[in-house]
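Please consider the sequence and the model displayed below.

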Amino acid sequence: MTIIYWCHNLSSKRLRNRKNISGVSMKNYVNGLNVGGWISQYFNKRYEHFDSFIVEKDFEKIASWGFDHIRLPFDYEILENKENPFVFNERGFKYLDNAVLWSKKYGISLLLDMHSAPGFSFGSYEVSTLFKNKTQQEIYIKLWETIALRYKNEKHIAFDLLNELVLPSPDPWNNLVRECIASIRKVDTERLLIFGGINYNSIFTLKDIEIYDDENIAYTFHFYEPIIFTHQKAVWMPFLVHYNQTLNYPGAFDNLDKLVSDVKDGKIGDIEQFDVKRYLTKELDISLMIEDMQPAIDFINKTGRKLYCGEFGVIESTPMRSRINWCRDAISLFDRYKIGRSYWTYKGMDFGLLDRKGNLISEDLVKVLAGRR
């Protein structure tokens, strides 16, 4: 009962007194929440799920908690059938329309994040064709142009052009995003556009992003460092299932030498991209977090550009106190360097503040993320 009271007993006066959003800038994207699993990464593509997983009261709740924006992942298949390119699905667009309406009603900004594109999904790079197929590139660009036209008069929204690029080289993405930005700018010269680097929007690939002389473009990264802590025991990452450690923050990387040895001996696959060996001499604390966030700090110092962390968070298999401690330290660094952020995620998806049935998991975690503790 105390959880229900805390979520819903915020006065309507507070909502009415929230500032009207008169235009989009990074000041409207300081502290946000991803709404994953709704119209992206859904377990089944059925309208019953789309109509019920997220509804208006969820937007009201997020606003009442004190978040200033929502990052909304969407899959292009919601808006356009891949068998009928350039033919748009109005029923699918209705979910974006509702998100635009609800966010405006409750005084928060909205970041539309394309989570999958024609011929591309961050979860299956091996079969991706987007960066080789000109027709698919045209479909991708046309869809963003269509979205820009549809919401041209909605000043409280921004666009995250593609989630978690997975490429061996930044060049194909830099070329495609250049064309996409040019197309959007033909119909909307002031929309805030956000995009990141390769290797799943890694903080370590910020240095490879092409920089634009456009004050309404910001750059993004995702922060789950170190992944052996934030994704501990994640079933979709076999090496972490093999590692099978409960890690605390702050704390130590228990038995990491055994994981490194097992990789060397071929007992598990190559995990070179995660560079876990460098943690053998480290402690799991804010000093390491500062070290891991250094590429973002360097990017800001070198370019002077706006930087945004589109995703950060800790998996639910982690002890709650450690989840809270890690998030508190990450937020303190984002604030120190004026980096906007959005926690992954609101509901379910192994990282949610709510479980899949909508029950609040931790009042304290929400308070930390909302900046009230």
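**Strand pairing and aromatic contacts**

In the hairpin formed by strand 3 and strand 4, with 2 residues between the strands, Gly119 adopts a positive phi near 75 degrees. Strands here are DSSP runs of E with at least two residues, and helices are runs of H or I with at least four residues, both numbered from the N terminus. This is a predicted model, in which local features need pLDDT of at least 70 and side-chain atom pairs count only at pLDDT 80 or more, while totals for chains, interfaces and linings use all residues. Residues are numbered from 1 along each chain as its sequence is written, and side-chain values use heavy atoms, with hydrogens and water left out.

Strand 3 (residues 109-117) pairs with strand 4 (residues 120-121) in the antiparallel sense over 2 bridges; two strands count as paired if DSSP finds at least two bridges between them. Strand 3 is mostly covered, with 9 of its 9 residues buried; buried means under 20% relative accessible area, exposed over 50%, and partly exposed in between, for a 1.4 Å probe and protein chains only.

A search of the whole structure finds 27 aromatic pairs. Rings of Phe, Tyr and Trp (its six-membered ring) pair if their centres lie within 6.5 Å, and planes under 30 degrees apart count as stacked, over 60 as edge-to-face and the rest as tilted. Phe229 and Tyr249 form a tilted pair, 5.9 Å centre to centre with 45 degrees between the planes. Phe229 lies in helix 10 (residues 227-230) and Tyr249 in the loop between helix 11 (238-243) and helix 12 (256-264), so this pair ties together parts that are 20 residues apart in sequence. Both Phe229 and Tyr249 are buried.

Phe312 and Tyr343 form an edge-to-face pair, at 5.6 Å centre to centre and 85 degrees between the planes. Because Phe312 lies in strand 8 (residues 307-312) and Tyr343 in strand 9 (residues 340-343), the pair ties together parts that are 31 residues apart in sequence. Phe312 counts as buried at 1% relative accessibility, and Tyr343 is buried at 0%.
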